[in-house]
Amino acid sequence: MLKVERLDAFYGDSQVLHGVGITVGDGERVAIVGRNGAGKSTLLKSLMNAGPRVSGLVEWQGENLRDMPSFRRVRLGLSLVPEDRRIFGHVTVAENIEMARYAAGGNALPAAVVIERFPMLVPIKDRPGGRLSGGQQQMVAVARAIAARPKLMMLDEPTEGLAPVIVEQLARDVKAACVETGAALLLSEQNLWFARQCTDRLYIIDSGQIVFSGDWPALDRAPDVKQRYLAV
Ligand SMILES: Nc1ncnc2c1ncn2[C@@H]1O[C@H](COP(=O)(O)OP(=O)(O)OP(=O)(O)O)[C@@H](O)[C@H]1O
Ligand SMILES: [Mg+2]
């Protein structure tokens with residue numbers, strides 16, 4: 001289980017997260033939603049110790065991670081698919097997914113097994129990463145994350161720039177991959193439909209603070225919250 005308490009995050013002197021507290025249980029799927037600049041990416045990067053300077057508690061399976069570097073967090077089962085996806089252009093889809101071995105060591109799932117789980121990847125498995133659409137790249141990034149067998153997969157706005165039909169496919173594949181592998185999910189999103197498909201509950205972040213926590217029906221019962229923090 002992930003437990004975050006009183007988390008502050010800074011870029012230089014500028015404080016971006018203010019006393020954030022969240023939890024994600026084993027195998028649980030949770031969304032972080034909020035507007036542009038709310039602090040979603042900063043939160044996910046803070047949990048990986050990958051960028052911002054952080055203070056507060058980040059506890060993973062009972063261990064206070066303190067200043068543990070990102071690569072060691074990966075070995076403990078945490079994994080982040082960042083906004084920019086980081087697909088290697090000169091190697092194939094299958095080889096991109098094989099790269100998970102470098103993070104997960106002998107524990108990684110073979111690329112062929114993972115590709116079976118993502119039907120969109122089957123016909124393009126031998127295509128170079130540099131010749132993929134945005135949606136295909138996102139699929140590869142998620143598949144590579146799953147190949148490393150994370151205990152908690154963090155996805156940073158995976159639907160950004162994707163066509164609606166791809167968003168639907170991605171929702172099915174992300175949820176199925178988490179259910180099949182038992183991975184927990186912490187998903188940063190602005191697409192509420194997608195976030196709801198993939199998760200059971202959500203936090204709303206605004207100006208670096210958690211302003212709402214509940215399940216999706218609870219958000220339905222609070223239209224004022226939705227209007228105030230999520231309306232564009
Ligand atoms: N490297 C950085 N240096 C300084 N400030 C930053 C840096 N990255 C982000 N910020 C600032 O931190 C705040 C939160 O940004 P963050 O990227 O976490 O938001 P976000 O919720 O992910 O937004 P988006 O939905 O647009 O991706 C913003 O005010 C942003 O300008
Ligand atoms: Mg972001």
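Colleague: How do the residues of the lining of the second largest pocket divide into nonpolar, polar and charged?

Modeller: Keeping in mind that this is a predicted model, the lining of the second largest pocket divides into seven nonpolar, three polar and three charged residues. The lining comprises 13 residues, and Val-74, Arg-75, Asn-107, Ala-148 and Arg-149 are those nearest the centre of the pocket. At least two residues each come from α2, β6 and α4, and the volume is about 160 Å³.

Colleague: What is the volume of the largest pocket, and which residues lie nearest its centre?

Modeller: The largest pocket holds about 670 Å³ of space, and of the 26 residues that line it, Val-74, Leu-80, Pro-82, Arg-86 and Arg-144 lie nearest the centre. Two or more lining residues come from each of α1, α2, β6, α4 and α6, with α2 giving the largest share, four residues. By residue class, this lining divides into 15 nonpolar, three polar and eight charged.

Colleague: Why is α1 described as largely enclosed by the rest of the structure?

Modeller: A residue is called buried when its relative accessible area is under 20%, and eight of the nine residues of α1 are buried, so the helix is largely enclosed by the rest of the structure. The buried residues are Lys-40, Ser-41, Thr-42, Leu-43, Leu-44, Ser-46, Leu-47 and Met-48. Just after α1 comes Asn-49, which takes a positive phi of about 55°.

Colleague: Why is Thr-199 called buried?

Modeller: The relative accessible area of Thr-199 is 4%, and the cut-off for buried is under 20%, so Thr-199 counts as buried. This residue lies in the loop between α8 and β9, where it touches Arg-29, Val-30, Ala-31, Leu-185, Leu-187 and Trp-216, leaving aside residues up to four places away in sequence.

Colleague: What makes the pairing of the side chains of Thr-199 and Trp-216 a polar contact?

Modeller: The limit for a polar contact is a pair of N or O atoms within 3.5 Å, and the side chains of Thr-199 and Trp-216 are joined at 3.0 Å. A polar atom of the Thr-199 side chain also lies 2.6 Å from the backbone oxygen of Ala-195.

Colleague: Why does Asn-191 count as partly exposed?

Modeller: Partly exposed is the class between the buried limit of under 20% and the exposed limit of over 50%, and Asn-191, at 25% relative accessibility, therefore counts as partly exposed. Asn-191 is found in the loop between β8 and α8, and its side chain reaches the backbone nitrogen of Phe-194 at 2.9 Å.

Colleague: Which residues of the largest nonpolar core touch the most other members?

Modeller: Among its 49 residues, those are Ile-97, Phe-118, Leu-121, Val-174 and Ile-204. Helix α6 gives the most to this core, with eight residues, while a second, separate core of 26 residues includes Leu-2, Leu-17, Leu-43 and Trp-60.

Colleague: Which residues does Val-174 touch?

Modeller: Setting aside residues up to four places away in sequence, Val-174 touches Val-142, Leu-155, Leu-185, Phe-194 and Cys-198.

Methods: Residues are numbered from 1 along each chain as its sequence is written. Chains are lettered from A and ligands numbered from 1 in the order in which they are written. This is a predicted model: local features need pLDDT of at least 70, side-chain atom pairs count only at pLDDT 80 or more; totals for chains, interfaces and linings use all residues. Side-chain values use heavy atoms; hydrogens and water are left out. A nonpolar core is a set of buried Ala, Val, Leu, Ile, Met, Phe, Trp, Tyr and Cys residues joined through side-chain atoms within 4.5 Å. Buried means under 20% relative accessible area, exposed over 50%, partly exposed in between (1.4 Å probe, protein chains only). Contact means heavy atoms within 4.5 Å. On a 1 Å grid over the protein atoms alone, a cavity is a set of points where a 1.4 Å probe fits but cannot get out, and a pocket is an open set with protein on both sides within 12 Å along at least five of seven lines; lining residues have an atom within 4 Å of a point. Grid points are joined across faces, edges and corners, and a volume is the space filled by probe spheres set on the points. Ala, Val, Leu, Ile, Met, Phe, Trp, Tyr, Cys and Pro count as nonpolar, Asp, Glu, Lys and Arg as charged, and the others, Gly among them, as polar. A polar contact is a pair of N or O atoms within 3.5 Å; within protein, one must be able to donate a hydrogen and the other to accept it, and residues adjacent in sequence count only if both atoms are side-chain atoms.
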